Amino acid sequence: MLTKYDEFLCHQTVDTFDCVNTSAREWTERVWFSVHDTAGRYHCVAGFGVYPNRNIMDAFACFLVDGATQHCVRASRELRPGNDEVRVGPFSYEVLEPMRLVRFSLGDNDFGLTFSLEMRGTLTPHEEDAQVSVARGRVLENVKRYVQVGRPSGWISAAGIRVSVEETGWRAERDHSWGIRRGGGVPETGVQPGEVPQGYLYNFMLAQFDDWGVTYHTREDWDSRRLAFSGGVLRPIGSREQGKKVLSVDHRYTFKPDVRHINGGSVALDTGEAKPVELSIRPLSTCYIRAGGYFGFRGFTHGLWMGPGYIDGFTLDLRDPAVLREVSFLEDFMCEVRCGDEIGYGIVELVLIGKYPKYGYLSY
């Protein structure tokens, strides 16, 4: 089936853009978008997912207010024939200027959360190394991703409040990934179950200072053995100075006593120079993005068939311990990041399950 993308001279297979070059149902293309103020009062995370071999497109948004209330909207639709329009119900995503300017919008709906947000990239995007995982002869994951930081503008409205988003005092981050992925969505069914690991750590950081930034993505076994890693130091768009590759990270987080959530710490990034890049980290807000459908929440999972058209929404009272227990697993921690006298802001994600002696965890 022809789409508008087939007009461009960028085909890489003998097929139209209606298809991908595998029949794997786990093939996913996603965009993730984070906007927050630097004081920690407001934090909005949104995303889209496309699943060509499931004939599904879905979207979500989570808006955190003062660490106490999180407004959530999720939607899903049949992908075809509108597979060349990134729209799901009231959600839309537009690339206004490639690698420079994108827009996320959530129009009128019955759940009270709306927004129109643009992000202008300030630093060159970082292309991560591919993440590949094979077990028992089966490809579990083969994903490519790039990330970028920038400054947002626009507005957010929820529960009778309207927040103006301005480049001064606000920051934004985004990613774009595609490939076969196992994390966060509907798992493959009807196959031999995978082994339950003794322990596992996933940690992602994407942060920006005034004229540079940093990112890394690490996955580790229970004994801190690295399973996958990619990272880089980011420079301004158009700068003559090239970004550097981050070779490894020594993370030293501290955790809350009752839940595996970070409450501070530091990281040291090895860029091949004599001294590592030392960063201290202080969380300012926590957006619970599992509520958007990562790993499933209240009947909605990324890539799950919900019918030709579906939308729901709700508000979470994060002051309720029962709600926190229900929604906790994958969080976007918006953090103040310091490097010497410089102060920056960004997102840290950390999921730690099972045994991990480095942080004192000896079992699930």
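The model is a predicted one, in which local features need pLDDT of at least 70 and side-chain atom pairs count only at pLDDT 80 or more, while totals for chains, interfaces and linings use all residues. Residues are numbered from 1 along each chain as its sequence is written, and side-chain values use heavy atoms, with hydrogens and water left out.

Nine strands make it up, in the order β17-β16-β15-β14-β23-β22-β20-β19-β18, with antiparallel pairing. The edges are held by β17 (244-245) and β18 (248-255), each of which has a single partner strand, so one side of each is left without a neighbour in the sheet. Strands here are DSSP runs of E with at least two residues, helices are runs of H or I with at least four residues, and both are numbered from the N terminus. Two strands pair if DSSP finds at least two bridges between them.

The term buried stands for under 20% relative accessible area, exposed for over 50%, and partly exposed for what lies in between (1.4 Å probe, protein chains only). Strand β14 runs antiparallel to β23 and is joined to it by ten bridges, with Gly-199 having Gly-354 as its bridge partner in β23. Strand β22 (residues 332-339) also pairs with β23 in the antiparallel sense, over seven bridges, and here Val-337 has Gly-344 as its bridge partner. The hairpin of β22 and β23 has two residues between the strands, and Gly-340 takes a positive phi near 65° in this hairpin.

Strands β7 (residues 101-106) and β8 (residues 113-121) pair in the antiparallel sense over six bridges, and the bridge partner of Phe-104 in β8 is Leu-117. Their hairpin has six residues between the strands, and Gly-112 takes a positive phi near 85° there. Strand β8 is also joined by nine bridges to β11 (residues 138-158), the two running antiparallel. Arg-120 stands opposite Arg-151 in β11.

Charged side chains come next. Side chains of opposite charge can pair when their charged atoms come close. The structure holds 25 salt bridges, a salt bridge being a side-chain nitrogen of Lys or Arg within 4 Å of a carboxyl oxygen of Asp or Glu. One of them joins Arg-145 to Glu-128, with the closest N and O atoms 3.3 Å apart. This pair links distant parts of the chain, as Arg-145 is in strand β11 and Glu-128 is in the loop between β9 (126-127) and β10 (131-135), 17 residues apart. Both Arg-145 and Glu-128 are buried. Asp-129 counts as partly exposed, at 33% relative accessibility.

In a further salt bridge, the side chains of Glu-336 and Arg-338 meet at 3.0 Å, N to O. Glu-336 counts as buried at 10% relative accessibility, whereas Arg-338 counts as partly exposed at 34%. Asp-250, Arg-252, Glu-278 and Lys-358 are linked in a network of salt bridges.

Two surface patches complete the picture. Patches are made of residues with over 30% relative accessible area and no salt bridge, where like charges are joined within 9 Å and nonpolar side chains (Val, Leu, Ile, Met, Phe, Trp, Tyr) within 5 Å. Accessible areas come from the Shrake-Rupley method with a 1.4 Å probe, and for residues only the protein chains shown count as cover. Asp-210, Asp-211, Asp-341 and Glu-342 form a negative surface patch. Asp and Glu count as negative and Lys and Arg as positive, with His and the chain ends not counted; the place of a charge is taken as NZ of Lys, CZ of Arg, CG of Asp or CD of Glu. Asp-211 sits in the loop between β14 (199-208) and β15 (213-221) and is partly exposed, with a relative accessible area of 45%. Tyr-5, Phe-8 and Phe-17 make a nonpolar surface patch of about 280 Å², and Phe-8 lies in the segment before β1 (27-37).
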